[in-house]
Amino acid sequence: MKVNSAKLMVFHPSLHKQGSGTISASPRIWFLVFLSFFTFAFALTFFTAKDNTIPSTTNTGTPSFTVNSPLPSSVFDALLHYASVNSSTVSSRMSAVELNTIATVLRRCKNPCNFLVFGLTHETLLWHSINHNGRTVFIDESAYLVSKLEEKHPEIEPYDVQFTTKVNELHELLDYTKEQIKGECKPVQNLLFSDCKLGINDLPNHIYDVAWDVILIDGPRGFSANAPGRMSAIYTAGVFARSKKGNSEKTHVFVHEFDRDVERICSEEFLCNENLVETKELLGHFVVEKMEANRFEFCSVFDPSSSPSTSSSYVV
């Protein structure tokens, strides 16, 4: 009995001594354990939640909640692309003012925009992403670049075209087009069946049936005498706009590097100064209305001096 009692007397004091030695540290330990568990649970809940909601405000001023859908892959790719590219190495990129001018028109489309872009450029992923709910088609002179784009971004719709024109043939081609204004080069037609030297007629058939709302001309190359130049692109855009199908009467046509001779002269011939609504730095913005089939002139009689040189209001 004494032995057992002694064991109890030795054991219990020892237990209380250990407890008293750790009592000052245990609150901190338990706090760290609780904090770690809470952080882990919050992160797990955040990343696995299927229906994240974000607050918005209704017309009555009452907060409401809408489902926050995942970031579209096209937007993700575009953000990654522009975050990783060194802008100082891209000499032909558009300015913020030029980008905003085009983006504003795309945003104002009443229906999903049909957006046709001549040229694969630094902004290609951006245009595809901005026109997320619409249809964006790219046309480029390089079959290689088109193939690489399709391989890396299969959701994008690009086509290659073999341009047969040269910058140094500008005036010769303009004279030819004027001679054929009532024939192969008329302003209202289906270019799929045209032999006009400036008309692009080797795209997939369905491209000619689309009512294009916005057309951007930022290609092909036009910086040297032997480059293809943008004569065909501008002429084709003018025909697409005047031959437009559907209820929409107008087509917005943007011409980049508008300060160069080919771009300026061909725009005057086929898009017309009367349709020039604004210029922003190197970007010309035209709004071209569709035309009756029995008319055979691109431009009406107009005083070029009355066209806007910087900006003006316009109806989208």
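## Pocket, helices and sheet

Student: Which residues lie nearest the centre of the largest pocket?
Tutor: The pocket in this predicted model is lined by 28 residues. A pocket here is an open set of 1 Å grid points where a 1.4 Å probe fits, with protein on both sides within 12 Å along at least five of seven lines, and lining residues have an atom within 4 Å of a point. Nearest the centre sit Leu120, Thr121, His122, Thr124 and Leu145.

Student: What is the volume of the largest pocket?
Tutor: Ground rules first: local features need pLDDT of at least 70, side-chain atom pairs count only at pLDDT 80 or more, and totals for chains, interfaces and linings use all residues. Numbering starts from 1 along each chain as its sequence is written, and side-chain values use heavy atoms, leaving out hydrogens and water. Taking the space filled by probe spheres set on the points, the largest pocket comes to about 720 Å³.

Student: Which helix gives the most to that lining?
Tutor: Helices H3 (73-84), H5 (124-130) and H6 (143-152) each supply at least two lining residues; helices are DSSP runs of at least four residues, strands of at least two. The top contributor, with four residues, is H6.

Student: Which strands stand at the edges of the open sheet?
Tutor: The sheet has seven strands in the order S5-S4-S3-S6-S7-S9-S8, with mixed pairing, where pairing takes at least two DSSP bridges. Each edge strand has a single partner, so one side of each is left without a neighbour in the sheet. Those are S5 (157-160) and S8 (276-280).

Student: Which residue in S4 is the bridge partner of phenylalanine 115?
Tutor: S3 (residues 114-118) and S4 (residues 135-140) pair in the parallel sense over five bridges. One of the partners in S4, the one facing phenylalanine 115, is threonine 136.

Student: At what angle does helix H8 run to S6?
Tutor: Helix H4 (residues 96-108) touches (heavy atoms within 4.5 Å) S3, S6 (214-217), S7 (250-256), S8 and S9 (283-289). Helix H8 (residues 231-242) lies across S3, S6, S7 and S9. Angles run from 0 to 180 degrees between N-to-C directions, and H8 runs to S6 at about 170°.

Student: At what angle do the axes of H7 and H9 cross?
Tutor: H7 (residues 170-179) and H9 (residues 261-270) have axes that come within 12 Å. Leu170, His171, Leu174, Thr177 and Lys178 in H7 meet Val262, Ile265, Cys266, Glu269 and Phe270 in H9. The crossing angle is roughly 5°.

Student: Which peptide bond is cis, with omega near 5°?
Tutor: Most peptide bonds are trans. Look in the loop between S6 and H8, where proline 220 is found. The cis bond runs from glycine 219 to proline 220.

Student: What is the phi of glutamate 257?
Tutor: Glutamate 257 is found in the loop between S7 and H9. Most residues other than glycine have a negative phi. For glutamate 257 the value is positive, near 60°.
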